[in-house]
Structure formats: C-alpha cells, structure tokens
Amino acid sequence: MPFSSYIGNTRRGASSSSSATGGSGWGQSLLPTALSKSKLAINRKPRKRTLLTNFLFANFFVIAFVVSLLFFLLTLFHFGVPGPISSRFLASRSNRIPKPRKSINRRHVNTSSSAVVDITTKDLYDRIEFKDVDGGPWKQGWPVTYKGDEWEKEKLKIFVVPHSHNDPGWKLTVEEYYQRQSRHILDTIVETLSKDSRRKFIWEEMSYLERWWRDASPSKQEGLSNLIKNGQLEIVGGGWVMNDEANSHYFAIIEQIAEGNMWLNDTIGVIPKNSWAIDPFGYSSTMAYLLRRMGFENMLIQRTHYELKKELALHKNLEYIWRQSWDAMETTDIFVHMMPFYSYDIPHTCGPEPAVCCQFDFARMRGFKYELCPWGKHPVETTQENVQERASKLLDQYRKKSTLYRTNTLLIPLGDDFRFISIDEAEAQFRNYQVLFDHINSNPSLNAEAKFGTLEDYFTTLREEADRVNYSLPGEVGSGQVVGFPSLSGDFFTYADRQQDYWSGYYVSRPFFKAVDRVLEHTLRGAEIMMSFLLGYCHRVQCEKFPTSFSYKLTAARRNLALFQHHDGVTGTAKDHVVQDYGTRMHTSLQDLQIFMSKAIEVLLGTRHEKEKSDQSPSFFEAEQVRSKYDARPVHKPIAAREGNSHTVILFNPSEQTREEVVTVVVNRAEISVLDSNWTCVPSQISPEMQHDNAKLFTGRHRLHWKASIPALGLRTYYIVNGNVECEKATQSKLKYASEFFDPFPCPPPYSCSKLDSDVTEIKNEHQTLVFDVKNGLLQKIVDRNGAETVVREEIGMYTSPDSGAYLFKPKGQAQPIVKSGGHLVTSEGLLVQEVFSYPKTRWEKSPISHSTRVYTGGNTLQDLVVEMEYHVELVDENFDDQELIVRYKTDIDNKKVFYSDLNGFQMSRRETYDKIPLQGNYYPMPSLAFIQGSNGQRFSVHSRQSLGVASLKDGWLEIMLDRRLVRDDGRGLGQGVMDNRAMTVVFHLTAESNISQADSGSNANPRNPSLLSHLVGAHLNYPINTFIAKKPQDISVRVPQYGSFAPLAKPLPCDIHIVNFKVPRPSKYSQQQLEGDKPRFALILNRRAWDSAYCHKGRRANCTSVADEPVNFSDMFKDLGATKVKPTSLNLLQEDMEILGYDDQAGTLPPQEGRVSISPMEIRAYKLELRPHK
C-alpha cells in the first residue's frame, strides 16, 4: 500500500521506478555510449559573433598550429629532448571519451591496491551533521527553485516509467499475492500495452512471471514476449526476487539472480542489463560488483539514508559510478541512479512536493480502491479544459526534480505496491498521462518532451546526452566508462527513512530462519557438487537416471532458497503465516536435498548400483542432523551402539582443501570405539550431552568426538563399534562443576565429577588458555601460547525497546547485563575437546540463554586456533516482550570505535561509531564476520554462521544482537510485532590474532581484509562437514570394509581459492544437451579471497599447502576426470563476452586448450566446462 509522506503508517515507504527498451524519437538508440558523433548533433541557438570572432574561427587551425610549434620549440630549447611518455600521462582526461560498450577505455593510472574515487560514504558520514532540518514541502530537503533557462540549450527529456512493485511474500504469501493480485497485474500489462505502442512498463520479479507463464494461454505468452521484444516491456533485474542486501550471502544472491535470469533467457530469450532495487532497506557494494560481473550496465536504488540523499542532491551527485574499494583499475564500475525522495510511490517520485505529485496518481481518483491523497488535494481527470493548468503544475515538479541531477534527461517512476491491478486503473494512468504528454510535447516553448519509457530508454538517452555534453566537474576522477559523473565507493547502511528511525532491527529479526537460510545454502551447494560428480563420472545413460531424476527437486530447492532472499524474507519482516510459508518451503527442500545426498554418497563410494532402481530405492544412510518440522531446532540423531554392533558414519567435506578436524556425533552408550575405513583404531573422547534445562542439565546421551581427515570435496568412512575390537574405548571427559542449586550434584554415569573451589577456572589447548569467572560463568580473557593476554570480558545483556519493531531498532537507553552470580557451571576436559557449559542465573526463573565455550585439541588443525561459542537462546514467552538480547565482548583493544563488518560474506566494510548518530544508527549488518583492531595490530574477530547485527559502541567493545521479541508494529506497514520467536542456537568462532608486520594507523579509511586464517575459519563454520549415518547397524563380526573413501580432486586447491559453486545449471536438460553437442553442461564458480598478509603465520596454515600465486589448471584439477571446452562466462552463466563484464586481466579468459586461469584477489569468476571420465 502507498506510504504518503509522514501521514499514515501504511507501507514501509512505497515504491516507484522503471525500465525497458525501444521507443521513438530521442529514446531510440541501440546501446549506451555506442553512438557515432554524427548522430549526436543538437540544434543550438545561433550566437552573435564579432568580426574578430569570425576571423579566429575561420583561421583557427592555422593559428593553433603556429602557437603549438612555437611552444614546442621553446620547450625543446629549455628542457632538451624528452624521454618516453609514460602511460600515466597517456591516460589523461582527454582520452576518456566513452567507447562502444564492448571496449571500455580504462585509465591504468592508479598503482595502489585500492580505488581512487571522488566520494566515499565515509566522507559523507564525516561531513553530514545529521540535524534533520525541516525543508518545507520536501521535508528532508530544501525549497527547490530554478531560473527557467536551464533547458534552452538542452531540452528536458522526461521518461515516465510505469511499474508495479510485487513482493513475493510480505503480508500475504507469494501464492496468495499471485492469486489475488500479481496474475491480474500481468494480465493487465499485456492487454493495456498492446493497445498503444507508446505505452511502456517494467517488471522485476521472475518468481511471479514464471508462475504466470505456467498459467497463461499461448496467446498471452506470445503477447508478453512481443511486448518485451518491441521494447514496450522491459525486464529489469530479472532475479527470482528483488533480494535483500544486508542479510543475504553472496552465494544466495548469485543463485537467485541466475535462477531468474536463466529462466527468462530460456523462456523468452532476453538477458536483463538494468537493475531496479527500489525496496531493499539499504544497499551493499557487493550487489554492484555481482551485477557488473553479470553484464549489467546500470542500477537504480532508492532506500538510502535521507541525509545522504540530501547531501548528494545538493552537489548533483545522485547519479554516480559505483566502484569497489579495492578496484584500482576501474574494472568494477557500474552506473547508478539514486532516487532523491522519501519513497518510491507516486507522491514522492514526480518532484519534491508530494502534495502536488499525489494529484497525478490517477488511481487515487474517486472510484478506485486506493486511499485519497492525505494532503487534501486529489487527482482529477485531465481534459482539454484543464490540461494547460495540470501540465504546467506537473512540469514544474519535473523541472524542480531535474535540478537535482546533472543531465537534462529525467526519470519519473510511476507506480507503487501491486499497482496496475485492473484495466480501469491502468487506463486511468495511461490515458491521463498521454493527454499531459501531448500538451507538453506540442508546446516547443516549454523546452520539454515527455513520454512513457523504460529504464533502458532512460539510461540510453542519459548516456547519449552525457557523451555529447561534458558534465564533469574540474578535478573529478569520474570513470572511463561513463563520462560526466563522480565515482563513489562504500555501502549504504544503516538506512534511516525519517527522524531517528534507523532500520537496523531487521538485521536480527527472526534469527531462527536466518540460520535455516544458511543451512539450506550449504546443503544446496553440497548437493550441487555431488550432482556434478555423479554426472561427471557417468558416461552411460543408465547412470544418468538417478541424478537427473532429482532435477525437479533440485530446481525447487534453488527457487525456495532464492525466494527467501526477498527483502521481506531473510529480513524477517513478513507476517507470521508468511514466515511459516517460507520456513516450510526451506524445510521441504532441506529434506529433499539430504535424501538425495544420502543416496549420492553410495554411488560415489561405489556401493549403490544402477540395478537398484535408482531414485526409488531407499538409501542405507540418513543425515545425522535432522529437523522434525520447519521451526524445530536441528537435533543429532543418536546412534544406538548396542553390544556386538558397528555403525557406519560417512563424512562429506564440502571444502576445497583436505579437512582435518574433530567431529562429533551423539550416541546412547559410552562404552564404544571408533575405527577408520581400514578398521584401524582412532583415538576418541566421550562427554555427556548437556541441555538448556535448569532442572535437568544432562540428557543422558553422550557426545562422541574423534579427529577425522576427509579429502577435499570428498568422502571418508568411519565405524562406531561396541564390542570385541582391539581398540581402547573412547576416553571419558573429566567433569567439574559449580552450582548453588544442586546438592548433591547429579553427576551423569559413567563420568567422575569434582567440585570447582576457586573463583576462576580455565580450559586450554596447545595454542591458547581461556579464563572464566566461575560465579557468572562468563569468559574473562584469552592467553596465547607465548603468554600474551587479550582481555575478552563476555557480557550478556538486554535492551528494553517498546518502540522497536520488525524493521526498526529503537532502544530505550543502554543494554543492561542480565547475568547474576550463582548459576550452574560445568567444565568438561578430555583428549580432544575442552568445554565450559554455563546456565546463568538471571532475574527470570527460566534463563533466556545458556552457553558453551569450547577449545579443541586436534593437533595441527584449524579448530585448535579457534574459540567456539555456542549460545542457546529462548525468548519464547511474554516475560521477554520488548526485549532485545545481546552478547558483548569487552576487550582491551584500542580500536577507537572503528570496526569492520562483512558485506554478504564477500568483502569487509569499515565502520565507525559516531556520537552524532543514535545508538541504533551505529548498528550494522554482520552476515558472517566482524573484527576490531588496535594500533598495535592486535585483532579480535567474531565469525558467525548466520546474519545478525553488530556494533562497537565503546572503545574495545564488539557487541552482537542474538534475538529480539517485540510486541508492537513499528509503523512501516507490516501491522504486527515480532512474537513468533523459536528456541535456537547461535554459534560464533572467535580468533585473537597479532600481526607480524607493522600495522598502519586506524585512520585508514579503506576496509581491511581478513587474515587467511580468518577466511578459513569462516569457511569451515559456514560450510561444515556433512555427516551421514547408517540407518541399520552391522554385526561386528563382518569386518569387510564396505565403504572406503572418495577423493575427486587431484590435489587440494590453493587456500585462497574458494569454490563458490560447482553445478549442472540445467540438470533436467542434461541428456538432451549432450545430443546438441558443443555446449558445456557444467559450471564452476571460483572466488579468490583477498587476505591481510600482515597476519600470515606459517605455523598457522593448518592443511594450507599453497596460495593462488600460480594459475589454476582445469586440465589436471580432477582425478580421473577430464575438463574440456572450458570457457569463461558471467556469474549468471549467460554472457560470454568478457569485456561486457568488466574483467581486466586477460589471464582469466584462458586459451581453452591450456585450461589455466589466473584470478585476481577479490574476483569471482565463472566458467562453463564439460567433464568426461578418463578412459
């Protein structure tokens, strides 16, 4: 629903903007910046020239030549013969005329490893005072005026872009919206646009278009295709959804855009090149990078901080070139249009005065279902009698808006949420606007031309004008791609739409489902990798049947993950029943993927044969972690290790390197042993399973730990045995306890327990010692192997926030600590794992949190360097209404309130805590990592496996919000609070590092990279080992090793190379594609991580044999598999022209026969290839 100024709290903020191609007149150019100069002539008014002027013009070249020659001789006389001209000066401003789109002229002048730009978002924050000055009719701006002669030389070219913002789930589920609204909207578009070729429209969400296409008649399908092909309808973005940019991981963003773009290309034959993101609540530079590498040329965004909009508008910088902070070569540049006003609805898009603009939303005329204008003046039908007055009023708004931008090409979005739902509504808009356009266009004295357009029409005309008229400012860095606009780096978090309403609450809302999202991601990735190997090693139709029969469910899993990336999905900002719908879809796909993987491991290990009816026969294995329903916590399936039995456990390593780490399963008996696939004894440890229950701390089951070694992307088998084997039983942990509640302490058999007598206790391994306060059960400090201490005082606190909601975080004061002395504390020490479990005493009888802290002793494993924090959170009843739960680490690191948090798991962003901004505005998204660093190089990092919110409110502090329970709606249209909290577990991996080379000062404005260790820790946390257990035990006397291992890589990949995905993009067409011949059927997406070499410790490279200084070689990457037909492609797997994607280095575009690729740090590269087994 529309959101009108500050009146009425209906929608989050409403919406508008558009795109497509084609059109007549000055909008009809083929490609941006691809026009010859001869076509760009414009009629200018003749100027009076004096005789001198005429003489100079007539003899210009002769005069210029004589002056140049004299200057040259003088220079030669004074300086001597010059040396070779350096490339630095060759690449000057004059050399930056935009070239046709396929050969962007870059200026290789910057030798540093970071971007040189005109604007950074840090600069903006430093400069803005955040006073929220009332600007009059444009509340967040100023009274906009113009002189009137601005359009004499270059007329105002107005593109009105009709659109309809269709949320795939918000107040209704995606299917409810489709049935009630979206299908009617698409029907309306096809019918009304077909009546008049001057009408245009843009559409964004493929989730709805695909659903409509399935239902549509062939004639409707043809009608829509024709509208796209003739440029009346443009698909903008074309992802499955318009994704959130704060919580979504870059894996899922790539997946969701690729899913939508590939469906669109396969079905209609078009590839989008303009992005439209009017409703995400803040914007990430990761998105700009991914879009650029998919072949997108232009972006449009809307929801940025109102003070930033004002500052950019004041300097006509609302259109800019977005460049990545590390990009010294301008290869990531993408053109951006930022909308200037409060919302994307019609009152806030025609110009700065919403009371006027609302009068031109003709769907608000009486007789339609939409609310009337809240300012009191309502739209009326445009007639020949009133058209002059109405057009003058509208054109005044257009002119005022155009003064906020550099060019005289103007974009006017025309739409809102779920608009154009009926023929009558669409006709009212198109009919009235066409009358207004005809009047404007028939009056040359107005120096304006208005028409319906698409984003492609707008951006094409804008680039054409910028090519003709130089809008560059003196000294502006700009870009070689589109001349005349500033360059900018940084991101746009945290968003505020008005006053002190910062949208930092949604970083944490519904954290249970934010966690499920990431589990589905890594499970989908694992299944895609297995599918690729199943088909790669198969060269007969018979063995293709099992993997290809799963293609329908695999596509459903991709789309269910994609759907949840919607900006009301992963954000946690939908109605309860919609959250349930998202959750159910993800749960169904998780189960499907786990069943597929449990069968796939048998095929890959050579124990499942074609004769076993492929997909239909049940698997011998099941996933070790199971969920009973969509909102239940995952539980470990206990292994019933009865006397005389052995249980098979198969581990899958989704990483690119060998994984050596301590793994854990749950068992019902303690008297057991672990053997590897050769029946060799493996040392193991048993410890009691603990739980979040004040009255019963122990479940009666046991956690079995052993150190496993699993090949990269491979499988390894272990056996859990109870009975007559010549192996030592698992060693039992030693327990110590402190508890005022229990007397005597209920020591679980068969363990021995002793009481803790001191005020502090510690657990340690070879690398670090952790010290705890026994009374409150909280971590106090970390001491490294050399005795250097890092103070890390753990604190658990609550904000009281009666005004917070799903979107907004609005605390009343500071967070207050909730832990009192006198809870339960149990330490467990053993061969492989040391643990402190704490159930704290709080003012509530049932604590909202309990937590475990662990260190591992695997011996030369990555785990040994990590502190594992596991928080069990339950804000599940009214005792916790209007409470927001945090954990805070108070260190002695002098970070000066500067910290670093990641954007989408892809890159880091520098954050600074500002006193001029309220507490909630200093909270930022933390999808996977945050760290603080001191001037001495001491660094403290927190890695997460789900997205949450993070802040550093005081020097040395890093705090992370875990969950929030809120009674009230926060006035952004949802109409409810967040009360559907689930019991959940949050896991962090902490690292304390010191650098080995001199740190630069904390004042450095550029983001810092994680260390290589940090990258690997984060990868292991987010891509955990998948454990599968046999459904039935075997008799111990049968000692034949049925299952061995599977090691598909010839050698592990370098440690800084990450396989983002390895997939068969179109599994249902796999066999058919083979008949078609030349097209490779596999896709491999690689990311080379950029890491901070100041933290490179040779002794800490656990299983890290190399980094990617050498090219990656496809030809010998796989064991027993040949990679052929290797060709680079875009990240959406649709573009094969590398220049369109902006890639700079030619090494990544390999001669295919060599199969060697070099990837620059930070880059993500996609390749299509064919796999064939070696004969």
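Which residue in strand 44 stands opposite valine 867? Keep that question in mind as we explore this predicted model.

## Strand 44 and its partners

The answer is leucine 990, which stands opposite valine 867. Strand 44 runs over residues 984–993, and strand 35, covering residues 867–873, pairs with strand 44 in the antiparallel sense over seven bridges.

Strand 44 has another partner to look for: strand 41 (residues 939–944). These two strands also pair in the antiparallel sense, here over six bridges. One example to find on screen is phenylalanine 940, whose bridge partner in strand 44 is alanine 992. Is strand 44 mostly covered or mostly uncovered? Mostly covered: nine of its ten residues are buried.

## Lysine 514, a buried residue

Now let us turn to a helix. Lysine 514 sits in helix 15, which spans residues 511–536. Why does lysine 514 count as buried? Its relative accessibility is 0%, and buried means under 20%.

## The surroundings of lysine 514

What does the side chain of lysine 514 reach at 2.9 Å? It is the backbone oxygen of tyrosine 506. Tyrosine 506 is also among the residues that lysine 514 touches, when residues up to four places away in sequence are not counted.

Terms used: Residues are numbered from 1 along each chain as its sequence is written. This is a predicted model: local features need pLDDT of at least 70, side-chain atom pairs count only at pLDDT 80 or more; totals for chains, interfaces and linings use all residues. Side-chain values use heavy atoms; hydrogens and water are left out. Helices (H or I, at least four residues) and strands (E, at least two) are DSSP runs, numbered from the N terminus. Buried means under 20% relative accessible area, exposed over 50%, partly exposed in between (1.4 Å probe, protein chains only). Contact means heavy atoms within 4.5 Å. A polar contact is a pair of N or O atoms within 3.5 Å; within protein, one must be able to donate a hydrogen and the other to accept it, and residues adjacent in sequence count only if both atoms are side-chain atoms. Two strands pair if DSSP finds at least two bridges between them.
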